[in-house]
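Here is a short report on a two-chain model. Start with the view below, then read on.

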Amino acid sequence: MKTMLNVALPKGRLGEKVYSMFEKAGYPCPSIKENNRKLIFENEEAGVRYFWVKPSDVAIYVERGAADIGVAGKDILLEYEPDIYELLDLKIGKCRMAVAAKKDFRDNMGRTLKVATKFSNIAGNYYRSKGRDIDIIHLNGSIEIAPILGLSDVIVDIVETGTTLKENDLTVFDTVVPISARLISNKASYKFKSSEIDRLTQKIAEQTEEQK
Amino acid sequence: MKSAQLLPSENLVFLLREIYDKYGYSRYKMNKFEEYDLYAKNKDFLISEGVITFTDTNGKLMALKPDVTLSIVKNTKDSGNAVQKLYYNENVYRVSKGTHSFKEITQVGLEAIGDIDEYTIFEVISLAVKSLVSTGENCILEISHLGLLSDVINYVGVPKDEIRKVFHFIGEKNIHELIAFCDSLGIEKSKTDLLANTAKIYGTANDILPWIREKLAGIADENNINIFETVIKALSSEENGGIIRIDFSAVDDIRYYNGFVFKGFSEGIPQSVLSGGQYDALMKNMKRKSGAVGFAVYLDSFENISAVSDYDVDVLLLYSENSDISVIKKEADKIIADGKSVLLQREKADGIKYRTLLEERDGEVICVENNA
């Protein structure tokens, strides 16, 4: 029997792009393109099973072995630090984790900096590396309004085009880390399916090289 | 010793103890508590942060053991050339990463402490192989050597304060970021490639040992190459040598570990089920002259693996207030003698699943339902 590779894909546009890379790499599953609400798709002949999951959950599926491999944003990997292998930078879904604040913001080193963010771990590590004392305010969305309402001095968040920031009169002060989609693998799965995973990684790496 | 199916963790404990006993390892039984100070001093050695503490009657801050190795090291003495060979079967208390709550984990492991030579390292890793094949049919033991890896990192010229970062990338098999990081440090391409290729390694002794001999000669310490080759060859030629893989991504904290480190995987379990290595550096930190090598098997990994029966009991035998207690007991013993399990109740409990339902009526046992 052919070894099945279980792949967790992030729902949404990025996931569709990722699927087409997997398809080109020799892991097609035509049923995935049917317009329905199914979440699991299988092509036994190609030895692959795909499932759509919430982008921030991909790393959990992979770490816990429900998926052998998956594609997750570097932001999620840095925030949750899952125990996985990060095999490849897919160079898609590019954006950056940045520090933003109101245009007239002046950093006062003499007092604790109030930082609003969805990414408490990333923000904490970033300011710790700078030796800066901060007060983290963990928010789950609409981070941009925190400095406007005086809830925080700055925000640490993902910036793609910067339009949302501009519309809210905020500007980027610093880049914490560049972000892109990464191919990740469960450590145990890699041991038992290393030839399949290596072959797939190689095929996808060729595509990311072409994109350069 | 090899089993076609994963064994429940209780059986595994007996199997493992039997193996260790045969090789002359003595059981080391310890107290559940330890002075908190020991963990405070060696915090980074612990796998999880967070220790359950309480104040003893004499006012001392105590902890429920989060780790066994530290206690064994603390309580054994340096003993010249002799090697103390010990094994344990203990519960430890750790914070589970996913739930952020404390979890009781049953651990079986062994430690060899003293003047560690090639044979002892070989014996301990060979026992790790034996332990691993007792856990399931398809397993893999990945082996790395921190001495060899450190030699390559030093040759490449990674600054001392960046070495941990490099180890982190290697542990993740994150070759793209490892290369980018080396580039940012201004390391020349040929050296970066050598480090990247070392980090990528995954294969059997036959695949990898010639590569190490060819590429790392003159770069890594000759002693490290020789001992790695000798031990891996000896392990690979043993009965279950086919499960050995060389993988330098098996890294551990270099502040405590040196030399061989290894991790075991059993198919169907998404994380490592066995972990071990040489921890001479920890010994040194604890002002000990001896070396040490050991490993632990995480039995909690097997909890969800053991096959769950579709039935709660083979036979449910219903009796009434008027039943003769001797008759129904005899009937139950007959069923047990047949190799089946039996539950005696006056009423059928909600949701109970049984293969056969028997009922005692007027001194006779009749079959009411048969699902088998």
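This is a predicted model. Begin with helix α4 of chain B: 14 of its 18 residues are buried, so the helix is largely enclosed by the rest of the structure. α4(B) covers residues 118-135. From first C-alpha to last it reaches 26 Å, close to the 26 Å expected at 1.5 Å a residue.

**A covered strand in chain B**

Strand β11 of chain B, residues 291-298, is mostly covered. Of its 8 residues, 8 are buried. Both faces are covered. On one side sit B:G291, B:V293, B:F295 and B:V297, all buried. On the other sit B:A292, B:G294, B:A296 and B:Y298, and these are buried too.

Which strands pair with β11(B)? Strand β6 of chain B does, in the antiparallel sense. Strand β10 of chain B does as well, also antiparallel. The table sets out both pairings.

| Partner of β11(B) | Residues | Bridges | Opposite residues |
|---|---|---|---|
| β6(B) | 102-114 | 8 bridges | B:V108 and B:V297 |
| β10(B) | 274-278 | 5 bridges | B:Q278 and B:V293 |

**Chain A: overall build**

Chain A has 8 helices and 11 strands. Its C-alpha atoms fill a box of roughly 65 × 35 × 30 Å along the principal axes. Buried residues make up 42% of its 212 residues. Take the contacts in chain A between residues at least 6 apart in sequence: 67% of them join residues at least 24 apart.

**Chain A: two domains**

How is chain A divided? Domain 1 takes residues 5-93 + 180-211, and domain 2 takes 95-179. Their C-alpha centres lie 30 Å apart.

**Between the chains**

How many residues of chain B touch chain A? There are 14, in contact with 14 residues of chain A. The chain B side divides into 5 nonpolar, 4 polar and 5 charged residues.

Terms used. Residues are numbered from 1 along each chain as its sequence is written. Chains are lettered from A and ligands numbered from 1 in the order in which they are written. This is a predicted model: local features need pLDDT of at least 70, side-chain atom pairs count only at pLDDT 80 or more; totals for chains, interfaces and linings use all residues. Helices (H or I, at least four residues) and strands (E, at least two) are DSSP runs, numbered from the N terminus. A residue is buried if 20 or more other C-beta atoms lie within 10 Å of its own, exposed if 12 or fewer, and partly exposed in between; C-beta atoms are placed from the backbone. Two residues are in contact if their C-beta atoms, placed from the backbone, lie within 7 Å. The expected span of a helix is 1.5 Å times one less than its number of residues. Ala, Val, Leu, Ile, Met, Phe, Trp, Tyr, Cys and Pro count as nonpolar, Asp, Glu, Lys and Arg as charged, and the others, Gly among them, as polar. Domain bounds come from an automatic or database domain assignment. Two strands pair if DSSP finds at least two bridges between them.
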